[in-house]
Amino acid sequence: MDVLSRAVMCFCLMGWMTLGWSNAAQYTSINMKSNIDKLKVHYKISKDQLFNGKPVFPKDTFEDSERKVLMSVVLDVYRSIFSQMLNQTGDQEVIESLKYVKGKIQDLQKHYFLKRIPELRTHLQNLWAIETSNTTVQGKALSEFITIYEKASKLAHKKDNRRKRRQAQRLKSHIM
């Protein structure tokens with residue numbers, strides 16, 4: 001291969017890597033990828049099962065503040081899945097890979113996600129368990145409604161006001 005062909009190939013490869021991989025796996029270590037690859041080999045499923053159009057964790061359309069809570073719960077589900085896998089295997093290499101990945105998830109949650117997720121989950125479960133057909137609950141809910149409605153409205157408008165300020169700042173910077 002002549003020098004010009006090598007240079008063109010190198011340039012194309014660099015462009016592909018820059019554009020194609022810019023958002024892919026920026027935070028996943030080689031060790032993590034290696035462990036996941038080992039686990040994929042061990043827990044191999046058919047292509048029909050893998051690509052059945054029903055992902056375990058569907059894409060979301062939430063905002064960043066909501067995504068952080070959601071992602072923490074998704075990571076909890078992964079920890080639970082990996083714990084089940086640990087309980088079901090005797091293969092030492094698989095056990096080591098699962099422990100490594102599970103540890104990385106715990107580190108990620110501990111350092112970057114909401115520390116109050118278990119408390120939040122309990123609170124949500126308590127809310128979902130409210131007996132809406134109970135007349136005492138209905139009466140109490142009516143007496144608390146105005147306060148709750150005010151808090152909800154304040155949160156909704158606070159978000160709108162931040163968006164309006166950002167839009168105004170963007171407009172102002174484009175004009176100047």
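Q: What makes the overall confidence of this predicted model, and how many residues reach 70 or more?
A: The mean pLDDT of the protein is 78, and 75% of its residues reach 70 or more; pLDDT is the predictor's confidence in each residue, from 0 to 100. As the model is predicted, local features need pLDDT of at least 70 and side-chain atom pairs count only at pLDDT 80 or more, while totals for chains, interfaces and linings use all residues. Residues are numbered from 1 along each chain as its sequence is written, and side-chain values use heavy atoms, with hydrogens and water left out.

Q: Where is confidence lowest and where is it highest?
A: Helix α1 (residues 3-20) is lowest, at a mean of 43, and helix α2 (residues 30-42) is highest, at 92. Over residues 3-24, pLDDT stays under 50, and the model has 5 contacts there beyond four places in sequence; contact means heavy atoms within 4.5 Å. Where pLDDT is low, the predicted coordinates should not be read in detail.

Q: What secondary structure does the protein have?
A: There are 7 helices and 0 strands. These are DSSP runs numbered from the N terminus: helices are H or I with at least four residues, strands are E with at least two.

Q: Why is Met85 called buried?
A: Buried means under 20% relative accessible area, exposed over 50%, and partly exposed in between (1.4 Å probe, protein chains only). Met85 has 14%, so Met85 counts as buried. Met85 lies in helix α4 and, leaving aside neighbours within four places in sequence, is in contact with Tyr43 and Leu98.

Q: And why is Val77 called partly exposed?
A: Its relative accessible area is 35%, so Val77 falls into the in-between class. Val77 is found in helix α4 (residues 64-87).

Q: What makes up the largest nonpolar core?
A: A nonpolar core is a set of buried Ala, Val, Leu, Ile, Met, Phe, Trp, Tyr and Cys residues joined through side-chain atoms within 4.5 Å. The largest has 12 residues, among them Leu39, Phe82, Met85 and Leu98. Helices α2, α4 and α5 (92-112) each give two or more residues to this core, and α5 gives the most, with 5.

Q: Which residues does Leu98 touch, not counting those up to four places away in sequence?
A: Leu98 touches Leu39, Tyr43, Phe82, Met85, Leu86 and Thr89.
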